[in-house]
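Welcome! Please take a moment with the sequence and the 3D view below, and then read on for a short tour.

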Amino acid sequence: DYRHAVIAVAFTDLKWSDVDSRKQFWRKSWTSKEDIRAGLLDLDKSSLSKLSLVTSPEMGLGLGSGEEGTPISMNMELLLIKWRELDEDGIEEIGEIAAGSIQKSEWIYDVSPDQRRLIFKYYPVVAAAMPWSGTIMLNTGQYSNAHLAAVAQILVNPANRIDEIFLDSNSITDDGALLISNAACQNKHVTRMWLYDNAIGDFGGASMAKLIRERATLKSLHLRGNRLKDQSAIKIAEALQENKTLHVLTLDENEIGEEGAVR
């Protein structure tokens with residue numbers, strides 16, 4: 001079934017006929033090399049437009065035309081991506097260049113939610129540039145700081161209408177909690193966040209208290225199974241006094257003692 005398949009094309013090692021390959025324009029083309037590169041990376045630009053940027057000597061690279069100033073040699077990689085058959089091994093094998101060629105329309109209509117999670121796992125920068133909405137499942141990934149920065153980018157993008165986000169079981173520490181909290185404070189849509197079974201301590205707990213205080217749309221926050229102590233419980237209790245919308249808050253299986261529990 002090739003209806004949900006795409007061909008990814010990558011051009012590398014371009015060599016130019018003009019002496020100075022840094023020249024932005026050549027004899028026929030009215031599009032600079034910088035603009036061509038931006039156009040090829042534009043996720044909203046159609047494949048036909050990108051083909052023109054590659055082959056046209058008047059508005060693109062002029063590959064194959066033999067015109068003066070156009071590339072005289074290059075390496076080209078072709079990869080057929082059949083989304084309906086692509087598992088985790090296949091997503092890992094397509095490589096960053098092919099992953100970076102995924103179009104937004106392709107992401108929306110052809111890529112499954114589980115494949116999106118896997119693309120995020122292996123290519124977080126690519127995934128962060130894609131549209132997200134509804135429920136986002138990014139749990140059990142053991143993510144790095146680069147992944148958490150990508151999560152923050154997804155959350156602060158005003159075009160993303162996210163209802164809930166699952167980030168549990170990712171070994172998220174205080175630094176990651178701060179990054180996510182600051183981003184979530186700028187998101188006007190998210191109502192449920194799942195951050196249980198991570199490694200968030202009191203510094204991250206303070207950022208969670210800030211989130212509770214400032215994010216009026218938040219209805220449930222799951223922090224079970226972290227490393228929160230009395231200090232976090234006290235700050236969260238104080239924040240709850242200013243929040244009228246949070247209905248569910250889980251704090252069990254933390255390190256909260258009697259002082260924090262009383263609050």
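How do H8 and H9 lie relative to each other: roughly parallel or roughly antiparallel? Helix H8 (residues 145-156) and helix H9 (residues 174-184) pack at an angle of about 10°, with their axes 8 Å apart. H8 and H9 are therefore roughly parallel to each other, a label for angles under 35 degrees. The contact (heavy atoms within 4.5 Å) involves Leu-148, Ala-149, Val-151, Ala-152, Leu-155 and Val-156 on the H8 side, and Gly-176, Leu-179, Ile-180, Ala-183 and Ala-184 on the H9 side. Of the residues in this contact, 10 are nonpolar, one is polar and none is charged.

Before going further, a word on the model. It is a predicted one, where local features need pLDDT of at least 70 and side-chain atom pairs count only at pLDDT 80 or more, while totals for chains, interfaces and linings use all residues. Residues are numbered from 1 along each chain as its sequence is written, and side-chain values use heavy atoms, with hydrogens and water left out.

Buried residues (under 20% relative accessible area) in H8 include His-147, Ala-150 and Ile-154. The buried residues of H8 pack against H6, H7, strand S3 (133-137), strand S4 (161-166) and H9.

Leaving aside neighbours within four places in sequence, His-147 is in contact with Phe-120, Lys-121 and Pro-124. The C-alpha atoms of His-147 and Tyr-122 are separated by 9.2 Å, although the two are 25 residues apart along the chain.

Phe-120 brings us to helix H6 (residues 113-122), where Gln-115, Arg-116, Leu-118, Ile-119 and Phe-120 are buried. The buried residues of H6 pack against helix H3 (88-93), helix H5 (104-109), helix H7 (124-128) and H8.

Finally, here are the strand pairings; two strands pair if DSSP finds at least two bridges between them.

| Strands | Sense | Bridges | A bridge pair |
|---|---|---|---|
| S3 and S4 | parallel | five bridges | Ile-136 and Ile-165 |

Notes:
Axes are lines fitted to C-alpha atoms, for helices over the stretch in contact, and angles run from 0 to 180 degrees between N-to-C directions. Helices (H or I, at least four residues) and strands (E, at least two) are DSSP runs, numbered from the N terminus. Angles under 35 degrees count as roughly parallel, over 145 as roughly antiparallel, 65 to 115 as roughly perpendicular and the rest as oblique. Ala, Val, Leu, Ile, Met, Phe, Trp, Tyr, Cys and Pro count as nonpolar, Asp, Glu, Lys and Arg as charged, and the others, Gly among them, as polar. Buried means under 20% relative accessible area, exposed over 50%, partly exposed in between (1.4 Å probe, protein chains only).
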